[in-house]
Amino acid sequence: MTQPNPSHESAIRARLKPPPNPLRMLISPLGWGAVAYCATAILGGIAALLAGILGIFVLPLVAWGTANLEARRLRLLGLHQPGPLRSGPIRHPWDVAGLREGNLAVWGIAVLFALVDFLPGAVLVILVLGLISQLIGSIGSPPTEQLGTWFMLIIILIAGLYVAWALASVQAILVEDLVRPRTELREQVDQLTSSRRELVDVFAAERRRIERDLHDGAQQHLVLLSMQLGEAEYALESGRPEAVRDALAAAHSSMEAAMTSLRDTVRGIHPQILTDRGLAAAVTELAERQPLPVTVGINGTRQPSEQLALSVYYLISEAFTNAVKHAVATTVAVRLDLSDPLQVEVYDDGIGGAVVKPGHGLSGMIERVQTFGGACWVSSPPGGPTLIRASFPNPVR
């Protein structure tokens, strides 16, 4: 069952909140939007009822079409349209898929509110038209005689706007609550499908990076080491001890370089300091190894899981790489908040212009964040600066 989103519900309530001054309802877009919503609800609901009665065999198509129409009508109240909605696809007008996922319930709500809205709507329209005709008939009479009619017209208009607001708000909340969960679920499925494809590309790129690092780093040093050992063996057979000593010293240097290269490659796969001393120490050590000044600010003490810590570490490392190689930055600042949610910010004063492209570093960074249910934002206008902000759920383990 889909759990309600408190922030989403509070946003809905805030958007549907009427102005505190009743007179402002006369110029409020919400009030007149509610009138339009109720008017179209009467027309749409009656049409849906007639279509359902006359075309009982195509009711699935009618229900599906009504649900899509109701989702679009939410924009009259300034609410986000959750659609378009899909049930299927519907292969033919009587396909029962059109009745699933709340479509039939939305159709019933549309018909119900068409009948509920009709009576007060008709009464208010009759009253308003009657007062307007009375004002037209009293043209030329003293203003004092028209004052009472104007006062009644304003009172009825305000009351009508509040009635329309109440009816429209109830219907909109019910419809939005029915159509939003499946839309959000479909968006999550689409996002997960896209993320899975992106992660495959990211893992392939990471494998190629490791292969390239081993080939250009440790392998080259080991080849050189083999050659130097061969030179030492040849010098030993030739009876040249000084040449043997020089070749062995060079081989020793090549071995140290190979070990350093291997350590750097392994650190890029999984830094040991992350396991031994935690995320804060790993980020601090990573910042100290950068070729430009990095300011690190760390708040909070809630330690994330090992996999989450590794994802945050990779995100910061990728941001450092972008700042050094592409942004031409002179300074970088990192802020790490170890709480729930865990928040990361990496700022650099470079030239900006960073673009998220599938299969590239920023794309992989965002995919790693989304894998843990987090969100990532990249702000990098041309000319800079660049700000990368990420937020991860970090519950108590």
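## Surface and overall make-up

The protein chain has an accessible surface of about 22,400 Å², and 65% of this belongs to carbon and sulfur atoms; such areas come from the Shrake-Rupley method with a 1.4 Å probe, and for residues only the protein chains shown count as cover. The model is predicted, so local features need pLDDT of at least 70 and side-chain atom pairs count only at pLDDT 80 or more, while totals for chains, interfaces and linings use all residues. Residues are numbered from 1 along each chain as its sequence is written, and side-chain values use heavy atoms, with hydrogens and water left out.

The protein chain contains ten helices and five strands; these are DSSP runs numbered from the N terminus, helices being H or I with at least four residues and strands E with at least two. Of the 397 residues, 38% are buried (under 20% relative accessible area; exposed is over 50%, partly exposed in between, with a 1.4 Å probe and protein chains only).

Glu70 is buried at 2% relative accessible area, and Arg73 is buried at 7%.

Arg389 and Glu345 form a salt bridge at 2.9 Å, N to O. Because Arg389 lies in strand 5 (residues 386-392) and Glu345 in strand 3, the pair ties together parts 44 residues apart in sequence. Salt bridges with shared partners join Arg335, Glu345 and Arg389 into one network.

Definitions and conventions:
Salt bridge = Lys/Arg side-chain N within 4 Å of Asp/Glu carboxyl O.
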